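Let's take a walk through a protein model together. Have a look at the sequence and the 3D view, and then we'll go from a single side chain out to the place where two chains meet.

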There are 2 protein chains.
Amino acid sequence: MRRSKAEATETVRTLLEVARAHFTEHGYANAALESIVQEANVTRGAVYHHFRSKKELFRVVLENAQREVADRVEREASTSDDLWQQLRLGCRAFVMAAVEERNRRILLIDGPAILGWETWREMDRAHSMRLLREQLGTMRDHGFFPAIPLEVLTHFISGGLNETALWLANQALQPNVADETMKALDALLEGFKHFR
Amino acid sequence: MRRSKAEATETVRTLLEVARAHFTEHGYANAALESIVQEANVTRGAVYHHFRSKKELFRVVLENAQREVADRVEREASTSDDLWQQLRLGCRAFVMAAVEERNRRILLIDGPAILGWETWREMDRAHSMRLLREQLGTMRDHGFFPAIPLEVLTHFISGGLNETALWLANQALQPNVADETMKALDALLEGFKHFR
DNA sequence: TTGTTTACATACATACTGTTTGTATGCTAA
DNA sequence: TTAGCATACAAACAGTATGTATGTAAACAA
């Protein structure tokens, strides 16, 4: 029965992929491990060999998703070297990524509920929120928004983006709605300039 | 065994109260109905007589919490008749209410995860978000933020407030942190004035 | 007063997660 | 090269939770 090391990592990969699809489609609570392992052509024994629990499996899935999103955000933002433009592009990329079905529920809805807000926040801090915070920090060092503590500003914008993405995802996905939303975000961020 | 009508509504009241405490302390998933009914001195039969499911019980608990918060927000906001001041007071009251332990998890974390984002959003729309939206609508009619679609602005601010409240709740609750946060919120909202 | 409905309790079915144990096979050191 | 061990799983089992079907005594309506 035993598989080679290469086969084992492949098993884990498949498991993570299938699990992500099931968590996305049914939500964590309604995603039965049994269904997941059936689709991955293993048994629940395999899961509990590689992961301590269903929650742990979810944690790894979430972490992968967060890394993906953060990478996209960073890549987009780095295409400019104007601070404001970087912020704009980053926020835009984040919303576009969070809107996608394979990210949305896992990242923004189940994440905090399943792992607890503190754990989720800690993970988020290491990924997408980290980028936002760093960017805002740099901007503050250049004299922006002196009146607002960095923490509060970061969380406010982050929360605003999250909610906006969730709302946008539930709109009939006409592309012009997405465009208008992005323009509105631009305008909002533009407003922060006045804090200089 | 049968109780009078008055006793029955009392049973429901107790059930809702105990359930709210358990949902608050352990989260929806880890709050066993069995523990809830034991503390309420009934059996699970009573629950399934008055509610269709555990989820339905949670829905009613959530609705009560939302109503409470919305009432507080409205009451606070109505103490002024300056539009900006109303917005400030309302946001402030919302954050203060959402920070409280008995509201936080139910309102902001488990709500969307358990009932699904769409259902939760619909309920929220009828309560706290409704107030925010109306206020912003009135302000727009007075010429504020013409560049931003009302929907986007409402969701962005609402999400920002939610996340800010969650963050604030997890800070060591020094009162000056709360005060500073509130001042920062003031500054943020102040920034929106420039959209006029 | 009697028939009916209500407000539960109780027993049971069902569905998951998680644990234990077993086992075939890859890997490694002598 | 092979003996011995570790690994990657499978399979059966145990525990816990929700939800359902049924029973029953009291309240209420007639």
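Is B:E10 buried, partly exposed or exposed? With a relative accessible area of 37%, B:E10 is partly exposed. For that label, buried means under 20% relative accessible area, exposed means over 50%, and partly exposed is in between, all with a 1.4 Å probe and protein chains only.

Before going on, a word on what you're looking at. This is a predicted model, where local features need pLDDT of at least 70, side-chain atom pairs count only at pLDDT 80 or more, and totals for chains, interfaces and linings use all residues. Residues are numbered from 1 along each chain as its sequence is written, chains are lettered from A and ligands numbered from 1 in the order in which they are written, and side-chain values use heavy atoms, with hydrogens and water left out.

Chain A has a mean pLDDT of 88, and 95% of its residues reach 70 or more. Within chain A, confidence is highest in helix α4 (residues 54-77), at a mean of 95, and lowest in helix α10 (residues 175-192), at 78.

Now follow chain A from end to end. You'll pass 10 helices and 0 strands; these are DSSP runs numbered from the N terminus, with helices being H or I of at least four residues and strands being E of at least two. Along the principal axes, the C-alpha atoms of chain A fill a box of roughly 65 × 35 × 30 Å. Chain A has 196 residues, and 55% of them count as buried. Contact means heavy atoms within 4.5 Å. Take the contacts in chain A between residues at least 6 apart in sequence: 69% of them join residues at least 24 apart.

Back to B:E10, which has a charged partner. B:R13 forms a salt bridge with B:E10, and their closest N and O atoms are 3.3 Å apart. A salt bridge here is a side-chain nitrogen of Lys or Arg within 4 Å of a carboxyl oxygen of Asp or Glu. Both residues lie in helix α1 (residues 5-30) of chain B, 3 residues apart, which is about one turn of the helix. B:R13 counts as partly exposed because its relative accessibility is 47%.

Helix α4 (residues 54-77) of chain B has a pair like this too: B:R59 and B:E63 both lie there, 4 residues apart, about one turn of the helix. Their closest N and O atoms are 3.9 Å apart in the salt bridge. B:R59 is partly exposed at 26% relative accessibility, and B:E63 is partly exposed with a relative accessible area of 22%. Over in chain A, salt bridges that share partners join A:E10, A:R13 and A:E17 into one network.

In total, the structure holds 28 salt bridges over all chains. One of them pairs A:R121, in helix α7 (residues 117-126) of chain A, with B:E163, in helix α9 of chain B, so the pair joins two chains. The closest N and O atoms of A:R121 and B:E163 are 2.2 Å apart. Both A:R121 and B:E163 are buried.

That pair brings us to the interface. Between chain B and chain A the count is 2 salt bridges. On the side of chain B that touches chain A, the elements giving two or more residues are α6 (101-115), α7 (117-125), α9 (150-169) and α10 (175-192) of chain B. The largest share, 13 residues, comes from α9(B).

How much area do the chains bury? The size of an interface is often given as the accessible area lost when the parts come together. Buried area is what two parts lose in accessible area (1.4 Å probe) on being put together, summed over both. Between chain B and chain A, that is about 3,200 Å², with carbon and sulfur atoms giving 75%. In chain B, B:W117, B:F156 and B:L188 lose the most area to chain A, together 23% of what that side buries.

Let's finish on one residue, B:T164, which is placed in helix α9 of chain B. B:T164 counts as buried because its relative accessibility is 0%. Leaving aside neighbours within four places in sequence, B:T164 is in contact with A:V152, A:H155, A:F156 and B:T181.

Conventions: pLDDT = per-residue confidence, 0-100.
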